[in-house]
Amino acid sequence: MDRRGDYIAQRILRFLQSCKDLTLETVAVDATSEKDMAAMVNGLKYPIGGCMHLITIYSDGTFASHTQESYDVTFDSKVKSFQVLEKVVDINKLDWLVTFSSVAGLFGNPGQTNYAA
């Protein structure tokens with residue numbers, strides 16, 4: 001979120017950092033691996049109050065150029081990672097849970113039809 005010109009993300013991050021009762025932690029982990037996700041969750045210093053589920057696999061291409069595999073890979077990662085999240089975190093105890101698909105689903109983006117899952 002430190003990219004130049006990404007002012008909305010920077011504004012959100014500054015707001016979250018200003019919340020004194022919030023510990024914000026971003027972790028890169030294979031979200032489709034139950035073992036890796038469980039290790040990450042068990043290694044957290046504080047209990048999880050909420051979760052943002054943001055997953056992407058880079059697989060751009062026009063609709064006509066996709067194979068079944070290149071088209072489905074973005075769906076599979078989102079579904080499997082959410083299934084793993086359900087196994088390692090009791091989502092019923094979270095204060096909030098936000099899942100993201102893609103802005104391609106809302107605004108449309110040439111070459112990103114498969115992101116609109």
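Is lysine 87 buried or exposed? With a relative accessible area of 59%, lysine 87 is exposed; the cut-offs are under 20% for buried, over 50% for exposed and partly exposed in between (1.4 Å probe, protein chains only).

1. A word on the basis. This is a predicted model, where local features need pLDDT of at least 70, side-chain atom pairs count only at pLDDT 80 or more, and totals for chains, interfaces and linings use all residues. Residues are numbered from 1 along each chain as its sequence is written, and side-chain values use heavy atoms, with hydrogens and water left out.

2. Salt bridges. The count is 2 salt bridges, the term meaning a side-chain nitrogen of Lys or Arg within 4 Å of a carboxyl oxygen of Asp or Glu. Lysine 87 pairs in this way with glutamate 34, their closest N and O atoms lying 3.8 Å apart. This pair links distant parts of the chain, 53 residues apart: glutamate 34 sits in helix H2 (residues 34-42) and lysine 87 in helix H3 (residues 68-88). Helices here are DSSP runs (H or I, at least four residues), numbered from the N terminus. Glutamate 34 is partly exposed, at 39%.

3. The other pair. Lysine 93 forms a salt bridge with aspartate 90, with 3.9 Å between the closest N and O atoms. Lysine 93 counts as exposed at 66% relative accessibility, while aspartate 90 is partly exposed at 39%.

4. Serine 81 belongs to helix H3 and is buried, at 1% relative accessibility. Leaving aside neighbours within four places in sequence, serine 81 is in contact (heavy atoms within 4.5 Å) with Ala31, Thr32, His53 and Ile55.

Technical notes:
Helix = DSSP H or I, 4+ residues; strand = E, 2+ residues; numbered from the N terminus.
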